[in-house]
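Dear colleague,

Please find the structure below, followed by a short account of what was found in it.

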Amino acid sequence: MGAKPKYETPEQMQAAIDAYFESLYRPVIIMNKRTGNREVLIDDKTGRQIREQYRPATMTGLAIALGMTREGLAHYRKKSDIYADTITRARLLVQTYAEERLYDKDGQKGAEFSLRVNFGWTPADVERELAVKERTVALQETKLKGISDDVGEINRGIQSLASLLNAPVPNREVKDYEE
């Protein structure tokens, strides 16, 4: 007979998982230049606090928040069908955080380590992910260049039209240019 589960239902576990991910964020505090007081930054459109992530999402942090070890969390996921989906979704959030850190120079090495240790990634997986990101960036740059070229052509057309309007030809009317 095994130990009593820490959580009676997946919903109870999900509430603890949600609390963990919420704990990674804090309100953005600014100095009000007019009053000299520190204030929570509020979004003008929604009226809600603007929050920033100040701690990374980690498997160890998730396990601690759930009151178990990383190994215990892995065991829970493998041995308990009713909790597997809940834990898998939480793991995906941690993995997403690590993947996103691959693309910033300050977090890349730590992200690579986390993905290898916690999610079984190989160096080839990391290289593939970085190559995909590089191709995406190159494609976006190509699209932006095309847009820039289009904007340049539009600007030249506007300048030509402005020149015509500033130096009208005698005996011509707008109707002469209409189709």
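In this predicted model, R91, V94, Q95, A98, E99 and R101 of helix α4 meet Q108, A111, S114, L115, N118 and F119 of helix α5. Contact means heavy atoms within 4.5 Å, and helices are DSSP runs (H or I, at least four residues) numbered from the N terminus. By class, this contact has 5 nonpolar, 4 polar and 3 charged residues; Ala, Val, Leu, Ile, Met, Phe, Trp, Tyr, Cys and Pro count as nonpolar, Asp, Glu, Lys and Arg as charged, and the others, Gly among them, as polar.

Helices α4 (residues 81-101) and α5 (residues 108-119) pack at an angle of about 145°, with their axes 7 Å apart. Axes are lines fitted to C-alpha atoms over the stretch in contact, and angles run from 0 to 180 degrees between N-to-C directions.

The largest nonpolar core has 28 residues. Such a core is a set of buried (under 20% relative accessible area, 1.4 Å probe, protein chains only) Ala, Val, Leu, Ile, Met, Phe, Trp, Tyr and Cys residues joined through side-chain atoms within 4.5 Å. Helix α4 gives the most to this core, with 6 residues. L73, among the residues with the most contacts inside the core, touches M59, L62, A63, L66, M68 and I87, not counting residues up to four places away in sequence.

Residues are numbered from 1 along each chain as its sequence is written. Local features need pLDDT of at least 70 and side-chain atom pairs pLDDT 80 or more, while totals for chains, interfaces and linings use all residues, and side-chain values use heavy atoms, with hydrogens and water left out.

Yours sincerely

Key: Helices (H or I, at least four residues) and strands (E, at least two) are DSSP runs, numbered from the N terminus. Buried means under 20% relative accessible area, exposed over 50%, partly exposed in between (1.4 Å probe, protein chains only).
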